[in-house]
Amino acid sequence: MKVTVVGAGAVGASCAEYIAIKNFASEVVLLDIKEGYAEGKAMDLMQCASLNGFDTKITGVTNDYNKTANSNICVITSGIPRKPGMTREELIGINAGIVKTVATNLIEHSPNTILIVVSNPMDTMTYLVHKSTNLPKHQIIGMGGALDSARFKYRLAEALGAPISDVDGMVIGGHSDTGMVPLTSHATRNSVKVSEFLSEERLNQVKEDTKVGGATLTKLLGTSAWYAPGAAVSGLVQAIACDQKKMFPCSTFLEGEYGLNDICIGVPVILGKNGIEDIVNVPISEAEKEHMKASAEGVRKTNGLLEF
């Protein structure tokens, strides 16, 4: 099992670290355009191997896609990160060109690979990969919902005063501060609906705190977060590599599901060895349907800025 991570910045390096620690891949290739940067990150991570008990080989390369050949899964994290006050959508001009070039190079050397897109604006970047490559749609996955759901569960556990292992919840919709749709109608504490424990007002606060989860961290850190995004990506990679058939909300190309067409947006999917193996239609409330519709309109507006 060979995994390539393009972009050796904070998110890419964290992703490589979590994959290695889980010890399910034989090799992780970390690629960056900055001379020596990926090599240094890889060396630092390999010096953790005996300390953290993993045997995964981590290789760093500077812009040499030959070293990525025959990768089973490729992760694209490259592009500029958010700064305080920036929206994800404002990154489109620079990141679109980067993502298109990276995807083309990866597919040239690994034509059967499964691509996981992390670069922002993520739903639009995933759509761009669909439109600019010949990969089947089940092999193109946008990572957003897994991260947003983790942030939702964090906020739910905080509101409930409960251990996070007690809490389950999911976020669908666009990966943006306004587009996220936290499914409070399905959120539970140990299988009991959270609405039994929390008032509507408190639940609404949880939703709003979830939606600005990334912006909150960007304001505090001065740049985008990396631990949780890296962990979220590693979860998707493991589900595919180990054929786990796990359900995650991921950005995928829709053809009628949830009443949407010709768009990549976050919905529940089953991940296995073939990538996206099924799209799960979950019943949602009328309010959530309206929020999902508005979210899709926002994603389409950003998609309209793309130049193919």
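Student: Which residues does Lys83 touch, not counting residues up to four places away in sequence?

Tutor: Contact means that heavy atoms lie within 4.5 Å. By that test, Lys83 touches Thr218, Gly222 and Thr223, with residues up to four places away in sequence left out. This is a predicted model, where local features need pLDDT of at least 70 and side-chain atom pairs count only at pLDDT 80 or more, while totals for chains, interfaces and linings use all residues. Residues are numbered from 1 along each chain as its sequence is written, and side-chain values use heavy atoms, leaving out hydrogens and water.

Student: Where does Lys83 lie?

Tutor: Helices (H or I, at least four residues) and strands (E, at least two) are DSSP runs numbered from the N terminus. Lys83 lies in the loop between β4 (73-76) and α4. Its C-alpha atom is separated by 6.0 Å from that of Gly222, although the two residues are 139 apart along the chain.

Student: Why does Lys83 count as partly exposed?

Tutor: Buried means under 20% relative accessible area, exposed over 50%, and partly exposed in between (1.4 Å probe, protein chains only). Lys83 counts as partly exposed because its relative accessibility is 42%.

Student: How should I read a pocket, and what volume does the largest pocket have?

Tutor: Rolling a probe the size of a water molecule over the atoms shows where empty space is left. On a 1 Å grid over the protein atoms alone, a pocket is an open set of points where a 1.4 Å probe fits, with protein on both sides within 12 Å along at least five of seven lines; lining residues have an atom within 4 Å of a point. Grid points are joined across faces, edges and corners, and the volume is the space filled by probe spheres set on them. Here the largest pocket comes to about 820 Å³. Its lining has 41 residues, and Thr77, Ser78, Gly79, Ile80 and Pro81 are the closest to its centre.

Student: Which helix gives the most to that lining?

Tutor: That is α4, with 5 residues. Elements supplying at least two residues each include α1 (10-22), β2 (27-32) and α8 (213-221).

Student: And what about the second largest pocket?

Tutor: Its volume is about 390 Å³. Among its 19 lining residues, Ser149, Lys153, Asp168, Gly169 and Pro249 are the closest to the centre. Here α6 gives the most, with 5 residues, and α9 (227-241) and β12 (246-255) each supply at least two.
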